[in-house]
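Reader: I have a model open and want to learn how to read it. Can we go through it feature by feature?

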Amino acid sequence: MSSISNVENLSPQTIRQVMKEMQSMVETPLEGIKIQINDADVTDIQALIEGPAGTPYAGGLFRVKLTLGKDFPQAPPKAFFITKIFHPNVAANGEICVNTLKKDWKPDLGIKHILLTIKCLLIVPNPESALNEEAGKLLLERYDDYSQRAKMMTEIHAQTAKSTDAKDDDEPSSKKHAVDKKLQDKKKEKLIKEKKRMLKRL
């Protein structure tokens, strides 16, 4: 049964190492990444990754799952987005394709490195190794369309992290938010144009 824990397949030394690393990420959180420990099964690792600013994923909160196989750390874990996302390197089933989890894997890289790599993938997708061909094609050929689609999926599926707006709720906020939104949209447009120029140069 797939729900059976994989703990008994890992060496006690590996389990200790994983638990130690997880604990250190809880005590000293990575920026924009919140680890969630499953005490019943350390091989089931989940984290919430904030969509990085200046990307179509900004404002979203994405749940990621790492599954450690019996050969970990000699073999890389599998990584999945549980939250639906429109991204060149994420398959329809959520599987993440990144070199760190394939040919560039080294046993000493660890969980922290994987989560940081996944966050970087949200900032700099790699259309060359696309699992979602449509997203990869749009990213290269029509960045605006790609950005719009990714942003729409983020708004629909990624529960948004709006806690930063809470401070301003004392004042009649609808006008303020409208102004803020216009400013944000202008900034995003500028970023998109810059990225487009960069992609053309590549």
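Reader: Does threonine 55 count as buried or exposed, and at what relative accessibility?

Author: First, a caution: this is a predicted model. Burial is read from relative accessible area, and the buried class lies under 20%. Threonine 55 has 6% relative accessibility, so threonine 55 counts as buried. It is found in the loop between strand E2 (44–50) and E3. Its side chain reaches the backbone oxygen of proline 52 at 2.6 Å.

Reader: Which elements does the chain have?

Author: The chain has five helices and four strands. Read from the N terminus, the order is α-β-β-β-β-α-α-α-α. Of the 202 residues, 37% count as buried. Take contacts between residues at least 6 apart in sequence: 57% of them join residues at least 24 apart.

Reader: How do I read a pair of aromatic rings?

Author: Use the distance of the centres and the angle of the planes. Here the count comes to five aromatic pairs. In one of them, phenylalanine 72 and tryptophan 105, the ring centres are 6.1 Å apart and the planes are at 40 degrees, so the pair is tilted.

Reader: Where do phenylalanine 72 and tryptophan 105 lie in the chain?

Author: They sit in distant parts of the chain, 33 residues apart. Phenylalanine 72 is in the loop between strand E3 (61–67) and strand E4 (78–81). Tryptophan 105 is in the loop between E4 and helix H2 (110–123). Both phenylalanine 72 and tryptophan 105 are buried.

Reader: Why is the pair of tyrosine 143 and tyrosine 146 called tilted?

Author: Apply the cut-offs: planes under 30 degrees apart count as stacked, and over 60 as edge-to-face. The rings of tyrosine 143 and tyrosine 146 have their planes at 55 degrees, so the pair is tilted. Their centres are 5.5 Å apart. Tyrosine 143 and tyrosine 146 are three residues apart in helix H4 (residues 143–157), so about one helical turn separates them. Tyrosine 143 is buried, with a relative accessible area of 6%. Tyrosine 146 is buried too, at 1%.

Reader: Which residues form one aromatic cluster?

Author: Tyr57, Phe62 and Phe81 do.

Reader: Next, helix packing. At what angle do the axes of helix H3 and H4 cross?

Author: The axes of helix H3 (residues 133–141) and H4 cross at roughly 135 degrees and come within 6 Å. Angles over 145 degrees would count as roughly antiparallel, and 65 to 115 as roughly perpendicular. H3 and H4 are therefore oblique to each other. From H3, the contact uses Glu134, Ala135, Leu138, Leu139 and Glu141. From H4, it uses Tyr143, Asp145, Tyr146 and Arg149. By class, the contact of H3 with H4 has five nonpolar, no polar and four charged residues.

Reader: What does the side chain of aspartate 44 make a polar contact with?

Author: The side chain of aspartate 44 makes a polar contact with the side chain of lysine 65, at 2.7 Å. Aspartate 44 is placed in strand E2. At 15% relative accessibility, aspartate 44 counts as buried. Leave out residues up to four places away in sequence, and aspartate 44 touches Asn38, Lys65 and Leu66. Aspartate 44 and threonine 67 are 23 residues apart along the chain, yet their C-alpha atoms are separated by 5.6 Å.

Reader: What does valine 90 touch, not counting residues up to four places away in sequence?

Author: Valine 90 touches Phe81, Ile85, Glu95, Ile96, Leu131 and Asn132. Valine 90 lies in the loop between E4 and H2. With a relative accessible area of 2%, valine 90 is buried. Valine 90 and alanine 135 are 45 residues apart in sequence and 9.3 Å apart in space, C-alpha to C-alpha.

Reader: How does alanine 58 count by relative accessibility?

Author: At 26%, alanine 58 counts as partly exposed. Its place is in the loop between E2 and E3. Beyond its neighbours within four places in sequence, alanine 58 is in contact with Gly51, Pro52, Ala53 and Thr154.

Reader: Last, the backbone. Which residues does a cis peptide bond join?

Author: Most peptide bonds are trans. A cis peptide bond joins phenylalanine 72 and proline 73, with omega about 5 degrees. Proline 73 lies in the loop between E3 and E4.

Notes. Residues are numbered from 1 along each chain as its sequence is written. This is a predicted model: local features need pLDDT of at least 70, side-chain atom pairs count only at pLDDT 80 or more; totals for chains, interfaces and linings use all residues. Side-chain values use heavy atoms; hydrogens and water are left out. Rings of Phe, Tyr and Trp (its six-membered ring) pair if their centres lie within 6.5 Å; planes under 30 degrees apart count as stacked, over 60 as edge-to-face and the rest as tilted. Helices (H or I, at least four residues) and strands (E, at least two) are DSSP runs, numbered from the N terminus. Buried means under 20% relative accessible area, exposed over 50%, partly exposed in between (1.4 Å probe, protein chains only). Axes are lines fitted to C-alpha atoms, for helices over the stretch in contact, and angles run from 0 to 180 degrees between N-to-C directions. Angles under 35 degrees count as roughly parallel, over 145 as roughly antiparallel, 65 to 115 as roughly perpendicular and the rest as oblique. Contact means heavy atoms within 4.5 Å. Ala, Val, Leu, Ile, Met, Phe, Trp, Tyr, Cys and Pro count as nonpolar, Asp, Glu, Lys and Arg as charged, and the others, Gly among them, as polar. A polar contact is a pair of N or O atoms within 3.5 Å; within protein, one must be able to donate a hydrogen and the other to accept it, and residues adjacent in sequence count only if both atoms are side-chain atoms.
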